[in-house]
There are 2 protein chains.
Amino acid sequence: MVNRQWRLAARPVGPVKESDFEWREEPAPEPGENQLLVRNIYLSLDPAMRGWMRETPSYLPPVRLGEVMRGTTLGVVEQSRNPNFAAGDLVRGVLGWQECAVSDGAGLSRESRHPAIPLTAYMAVFGHIGLTAYVGMLDIGQPQAGETLVVTAAAGAVGSLAGQIGKIHGCRVVGIAGSDEKCRWLTGDLGFDAAINYRTENVLESLRRHCPNGIDLDFENVGGEILDAILALINRRARIVLCGLISQYNATAPVPGPYNFTNVLVRRARIEGFIVVDHWGRAPAAMADLGRWLAEGRLKYRVDVVEGLENAPRALTRLFDGSNQGKLVVKIGEE
Amino acid sequence: MVNRQWRLAARPVGPVKESDFEWREEPAPEPGENQLLVRNIYLSLDPAMRGWMRETPSYLPPVRLGEVMRGTTLGVVEQSRNPNFAAGDLVRGVLGWQECAVSDGAGLSRESRHPAIPLTAYMAVFGHIGLTAYVGMLDIGQPQAGETLVVTAAAGAVGSLAGQIGKIHGCRVVGIAGSDEKCRWLTGDLGFDAAINYRTENVLESLRRHCPNGIDLDFENVGGEILDAILALINRRARIVLCGLISQYNATAPVPGPYNFTNVLVRRARIEGFIVVDHWGRAPAAMADLGRWLAEGRLKYRVDVVEGLENAPRALTRLFDGSNQGKLVVKIGEE
């Protein structure tokens, strides 16, 4: 059996290119004592990957040149010599851009598979995506009913969940996204109160119109000019939940912080960064709530499935041009 | 009796100039029913005044053109028709840049005068200065023993207290100030562990040397390049207590936020702005603690007294060139 992989070949300068990766075909590894072999089915593509490709450490060490590219996958245990896992188990872990991987079980979680839940939902709602939205919105953002919430990259995997969680908690929710189609999805299907297409609208003007009582809470995935427009309109004691800064991940020169930074002082606001890896302890509560909201029809999602591991590098660039429609995953193997 | 005053004559562009104020001599006002007349002794000069002179509202409405310039004063009740105050009471309030003022008592606090405490301490330690340092450091900053605290504008009125409160709570404290004399005062008299002269040193390099374990807490009064150097070195879960941004108060063009803003995300930091006016409820606890620390010799301060109300506008500019030595006050009348 062959294990096809993408390894990091070069540190990208600016946008990621396919040549930053190297395609490799290796013999599939054999599990040693206490190890197991996982066959990956889905690979999650996440904006944070751009940070892992840099030479400077982010919240995880950089992926080394020549190393299999890091990524979260959902897979099935093919063979187990580890007492905690059995062949056939559905597992999630950071097993990389490859068809199969050997693991000692550390950092691997066994997922209970429900027949009614498609496997893609384990990527789009459960796991790190759902936990990010849940912890960011509830623990960091602390939404109060009646508050105005703005979500940036609102049609993205995390943003779309964060906005819906805000709605469930009684907020007026305004999303910012990059196409009219995405905006229609937010307001038509997800119940957002308003949506702004940042490519065609003046974001500050539109925010002013859609947030007549100002902004109390911002679930921030973008940064740059969009964050500045939001900071212009924040209310006293506003919270900016800093989940991502995708507008600057490809930057090749230092990027200035928000020009309206003074408003953080004047309006007594709080900007707080968080990374999901610190919050695994909240996963049981998060998964229970997310599952219930999903079953009740209060939480919707969409998945953008790219077929074939060979297309992963090109697919990754779609997160940065905004052409993905919902949670972006690569289908590596058969369900 | 004549009431001499400074009124706001023009909105400053860039640094404040004397011509932005107008000197006026008016008949002293008479207290009406339920009112009292206060004779001001000391006027506090604070960086926040620059914001009040702008046309755009900050956390208080702008001072109107032609209005007596806003400022906190310490004074004595000369005459009272208000049952809550009597002639001879020592009072603090926002009574403006003038020799006397009529008040209905709203926002005026009666201070119990201790013979051992010089009146200047009511400006430099008690009141809004001490409460700002206390609330910012303890409630917002939440210092833990063993953490590394950096204080900017550390020889200033608020910064010098904030740093000492950090020492009292077991932090390693590094101050940043604008002269060798100030740095010697911080380390020699106030017990700071280290001090950096930002005019002669490379702040980032010096911080690296003095904060070998990184920075956990920043009491920020300055912003700009100094904040950027701090953000470069923050630890996971660092707190940036945003108390002031004096480096940009005189700016005439938009000022970019910190270039190392990404570190707020990557290091899961929290930036929180606060304004003392929201925290008067903490004053009793703050004044009790500050008074005890002062009596125990654990808290020191110095006051830079400018004689004569006529010198107030020129004195205000000293806050921005850093030539003041400690809490800057104007002596308006005899004690």
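**Reading the interface and the salt bridges**

User: How many residue pairs are in polar contact between chain B and chain A?

Analyst: Between chain B and chain A the count is 10 residue pairs in polar contact, with both residues at pLDDT 80 or more; such a contact is a pair of N or O atoms within 3.5 Å, where, within protein, one must be able to donate a hydrogen and the other to accept it, and residues adjacent in sequence count only if both atoms are side-chain atoms. On the side of chain B that touches chain A, the elements giving two or more residues are β12 (234-242), α8 (262-266) and β13 (270-273) of chain B, where helices (H or I, at least four residues) and strands (E, at least two) are DSSP runs numbered from the N terminus. The model is predicted, so local features need pLDDT of at least 70, side-chain atom pairs count only at pLDDT 80 or more, and totals for chains, interfaces and linings use all residues, while side-chain values use heavy atoms, leaving out hydrogens and water. Residues are numbered from 1 along each chain as its sequence is written, and chains are lettered from A and ligands numbered from 1 in the order in which they are written.

User: What area do chain B and chain A bury between them?

Analyst: The size of an interface is often given as the accessible area lost when the parts come together. Here chain B and chain A bury about 2700 Å² between them, 63% of it on carbon and sulfur atoms (accessible area lost, 1.4 Å probe, summed over both parts). In chain B, the residues that lose the most area to chain A are B:F261, B:L265 and B:R268, together 26% of what that side buries.

User: How many salt bridges does the rule find across this interface?

Analyst: Side chains of opposite charge can pair when their charged atoms come close. The rule (a side-chain nitrogen of Lys or Arg within 4 Å of a carboxyl oxygen of Asp or Glu) finds four salt bridges across the interface of chain B and chain A. B:R237 forms a salt bridge with A:D278, with the closest N and O atoms 3.9 Å apart.

User: Which residue forms a salt bridge with B:E18, and is B:E18 buried or partly exposed?

Analyst: B:E18 forms a salt bridge with B:R314, where the closest N and O atoms are 2.8 Å apart. This pair links distant parts of the chain, 296 residues apart, with B:E18 in the loop between β1 (2-8) and β2 (21-27) of chain B and B:R314 in helix α10 (residues 312-321) of chain B. B:E18 is partly exposed, with a relative accessible area of 33%, and B:R314 is partly exposed at 47% (buried is under 20%, exposed over 50%, partly exposed in between; 1.4 Å probe, protein chains only).

How values were computed. Buried area is the accessible area (1.4 Å probe) that two parts lose on being put together, summed over both.
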